[in-house]
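Visitor: I would like to understand the words used for this model. Could you take me through them, please?

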Amino acid sequence: MNDNLDIYLYIIIALLPLTSCLVILQVNPYHALALRGILGAIAALVYAVLGAADVALTEALMGTLLAITLYAVAVRSSLVLRVGVLADTAHHLQTEPAFIELSADLRKILNQRHMRLELVPYNDINALQRALTEKEIHATCTHNLDIDIPLRTTIRIQRIYDILRAELTCPHTVLSYANVIDVNLLRLEKQHS
């Protein structure tokens, strides 16, 4: 009887490194969160079986429930690309075929990386540019003065710019990178001169 219990205990303990490896190898952060919860539950079960009920309870409450909740909030808020648009053109942009194609292309690229697209309206171009330099948003999308290419998309994050430059197929936008640090330095230089 005791041998059967030992075998079950060894199987449960063997699940710890297996689940840990699965957490590390996950590409989708939501799957990693679920596996982290399973890992915490297995650890709590092992502690309980070994007679450390207080450690099992602590692992279940702090290591699993609280950690997973905090990780979920962090993952949810960090996996979004916030694109600023002008408020007076936001409705017009959302019905314009060029913008519809651009947002569909952006969503496709972002979905591959488990991200989502969020449009943030601003009242005027100055507020839009300030939001980009103050890092409230990650990118801007405005009307381009060139008739052939109606949209201009400016991105402040180098990695996202590189990804979009390589994968964006929408011909209706001019994609550019705005180095926010350089913009802020220029603004400071103008104030001091």
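Visitor: What lines the largest cavity?
Guide: Its lining is made of V83, F99, L102, S103, L106, L117, L119, C141 and T153. Lining residues have an atom within 4 Å of a point of the cavity, which is a set of points on a 1 Å grid over the protein atoms alone where a 1.4 Å probe fits but cannot get out. Bear in mind that this is a predicted model, where local features need pLDDT of at least 70, side-chain atom pairs count only at pLDDT 80 or more, and totals for chains, interfaces and linings use all residues. Residues are numbered from 1 along each chain as its sequence is written, and side-chain values use heavy atoms, with hydrogens and water left out.

Visitor: Which element gives the most to that lining?
Guide: That is α5, with four residues. Both α5 (97–112) and β2 (116–122) supply at least two.

Visitor: How many of the lining residues are nonpolar, polar or charged?
Guide: Seven are nonpolar, two are polar and none is charged. Ala, Val, Leu, Ile, Met, Phe, Trp, Tyr, Cys and Pro count as nonpolar, Asp, Glu, Lys and Arg as charged, and the others, Gly among them, as polar.

Visitor: Why is C141 called buried?
Guide: Its relative accessible area is 2%, and buried means under 20% (exposed is over 50%, partly exposed in between; 1.4 Å probe, protein chains only). C170, at 6%, is therefore buried as well.

Visitor: What makes C170 too far for a bond?
Guide: The closest cysteine sulfur, in C141, is 9.0 Å from that of C170, whereas a disulfide needs two cysteine sulfur atoms within 2.5 Å. The structure holds zero disulfides.

Note on methods:
On a 1 Å grid over the protein atoms alone, a cavity is a set of points where a 1.4 Å probe fits but cannot get out, and a pocket is an open set with protein on both sides within 12 Å along at least five of seven lines; lining residues have an atom within 4 Å of a point.
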